[in-house]
Amino acid sequence: MGIFIATVLIFWIIASLGRCVTLMWSRKNFLRLDIINNNHKLKEYYQLNKYTTNKIELFFLIIIPLLKEQNLVSEIVEHFSKIKYKPNNIKIALVTTQREFVDFPENQTTYSIVNQALSNLHKEHFFIHYCADGNDTCKGDQLNQALQLFLSEFKEIETENLYIGVYDADSRPNWLILNYLDKEVNNYHEAHKTFLPAFQQMPMYFNKMIPSWNPKSIFLNARVIHNLDFALTREVPAMQASIDYHLCNGIKYYATAWLTHLIGHGEFIHFPVLKKVVFFSSPSADTSLGYVLAYLGIPIVPVPLFDVGETPNSLWMLIKQGATWYRGVSLYWRDFLFSIKIGDVNKIRALIMIAKVIYNNLAWAIFPIVVLIAFIMALLSGNQFLCYLAIIGLLIYLLPNIIEMADYPIIQLQCSEFSEVPHLPLIYRIVMVCVYPLTKLFAMLGPWLYYFRKLKSLFGFNVEYQKTER
């Protein structure tokens, strides 16, 4: 038993040290790069009045799918109207759906509220409004219908120069994002005579967070650290790896292979690439799209500009959100078979990716409870070595979160320029870090709910995955 406990704790420590290493990389090359530069060099470099003549005239279509988002419409319009870019080269499509028409009176649907909000704008605004026909069943369907309507309406736009962006209703991105992407695409095209295929902004979920001392609020806010930590230690490094294996050969080509996912908001895809992968798939319009790109060897470029969103305000909604996310990351085999049909896939590299994502899924669904059992058994064993190992393991495990919360004041200052990110007192951040391990245990309930639903479906019961309510 002692060998089992020691083995689990040692692997836990090794994994925690790995998180520390990747966090320090992200912090130096990504997170703090944005914080330090955006107030000075980036802001000056990407301001509209500093714009230089580009070799390529890019066009950006940003799609924001809306379902039962009546309360957020005016806020969405206000925020996205401040996007910095050439007004003739951008359209922002607010996409409602007729699915709402059976649940609300006509004048209370998101559809009617969007129409009212846009009618109050200056006639030169760059918003457009599309309504899905009601046959849409998920976010991906809304996106595809909106894209089809856009292409039919704006046939004069050169799709070779078109990038499709996606945001959620609660997304509050940095207003400089399009100028940043334009510069990156043009600089890359000048050097390589080709377009960068896909981008993903850094996600954060501190928007409108309330630093209450209510135990439920503390836990929900600690969950925000969980998401930030995952972005910095898993998602961003995996995106960078997608660039690395795109450029390297030999053993490194396989060692850096990761099944990278897109996040569903703050993502931008070059239209020819999106067309190649047959647009947005269901049910996961973000994870599966990223998986297919990874299988095809198409890199996703991480963007050091923040997209700030919200986290659910109920524990049950967090669990259901986790089940929906877990369903997305479990579609790796379906996405692999699809990728083989539409392009060239290095099967050895793909199998390495699949093995890694299976490990990550197990880590999500099982490992926290295994580590907790080993930790408790070590403390109760009376073995001094195991006790020290457990305590050291906990301290190393929390170290990345301590670093992240130490950085929070500058993150908050930066994000507050374009999002409602609250000030968090030092003592509150310390408490959030202490609560963080509980969020990892709680996160397991999402995968467990997913498997419970799979079991229900095997017995013929109908299973529905609903959108995350706000």
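Let's sort residues first: Ala, Val, Leu, Ile, Met, Phe, Trp, Tyr, Cys and Pro count as nonpolar, Asp, Glu, Lys and Arg as charged, and the others, Gly among them, as polar. This is a predicted model, where local features need pLDDT of at least 70, side-chain atom pairs count only at pLDDT 80 or more, and totals for chains, interfaces and linings use all residues. Residues are numbered from 1 along each chain as its sequence is written, and side-chain values use heavy atoms, with hydrogens and water left out.

**Exercise 1. Find what lines the largest cavity, and sort those residues by class.**

Step 1. Points are joined across faces, edges and corners, and the volume is the space filled by probe spheres set on them.

Step 2. Count: there is 1 cavity of 30 Å³ or more. The largest cavity holds about 40 Å³ of space.

Step 3. List its lining: Arg223, Leu318, Ile319, Gly322, Phe442, Ala443 and Gly446.

Step 4. Sort them, and you get 4 nonpolar, 2 polar and 1 charged.

Step 5. Now look for helices (DSSP runs of H or I, at least four residues, numbered from the N terminus). α10 (315–329) and α16 (426–443) each supply at least two lining residues, and α10 gives the most, with 3 residues.

**Exercise 2. Work out how α9 and α11 sit against each other.**

Step 1. Two packed helices are described by the angle between their axes and the distance between the axes. Axes here are lines fitted to C-alpha atoms over the stretch in contact, and angles run from 0 to 180 degrees between N-to-C directions.

Step 2. Read off the values: α9 (residues 287–295) and α11 (residues 332–342) pack at about 50°, with axes 9 Å apart.

Step 3. Name the arrangement. Angles under 35 degrees count as roughly parallel, over 145 as roughly antiparallel, 65 to 115 as roughly perpendicular and the rest as oblique. So α9 and α11 are oblique to each other.

Step 4. Find the contact (heavy atoms within 4.5 Å). Ser288, Tyr291, Val292 and Tyr295 of α9 meet a set in α11 that includes Tyr332, Phe336 and Ile342.

**Exercise 3. Do the two pairings of α16, with α17 and with α14.**

Step 1. Take α17 (residues 445–458): its axis and that of α16 come within 5 Å and cross at roughly 5°. That makes α16 roughly parallel to α17.

Step 2. Leu441, Phe442 and Ala443 in α16 meet Leu445, Gly446 and Pro447 in α17. By class, that is 5 nonpolar, 1 polar and no charged.

Step 3. Take α14 (residues 384–406): the axes of α14 and α16 come within 10 Å and cross at roughly 140°. The two are therefore oblique.

Step 4. Among the residues making this contact are Tyr397 and Leu398 of α14 and Met432 and Tyr436 of α16. It has 9 nonpolar, 1 polar and 2 charged residues.

Definitions and conventions
1 Å grid on protein atoms, 1.4 Å probe; cavity = no way out; pocket = protein on both sides within 12 Å on 5 of 7 lines; lining within 4 Å.
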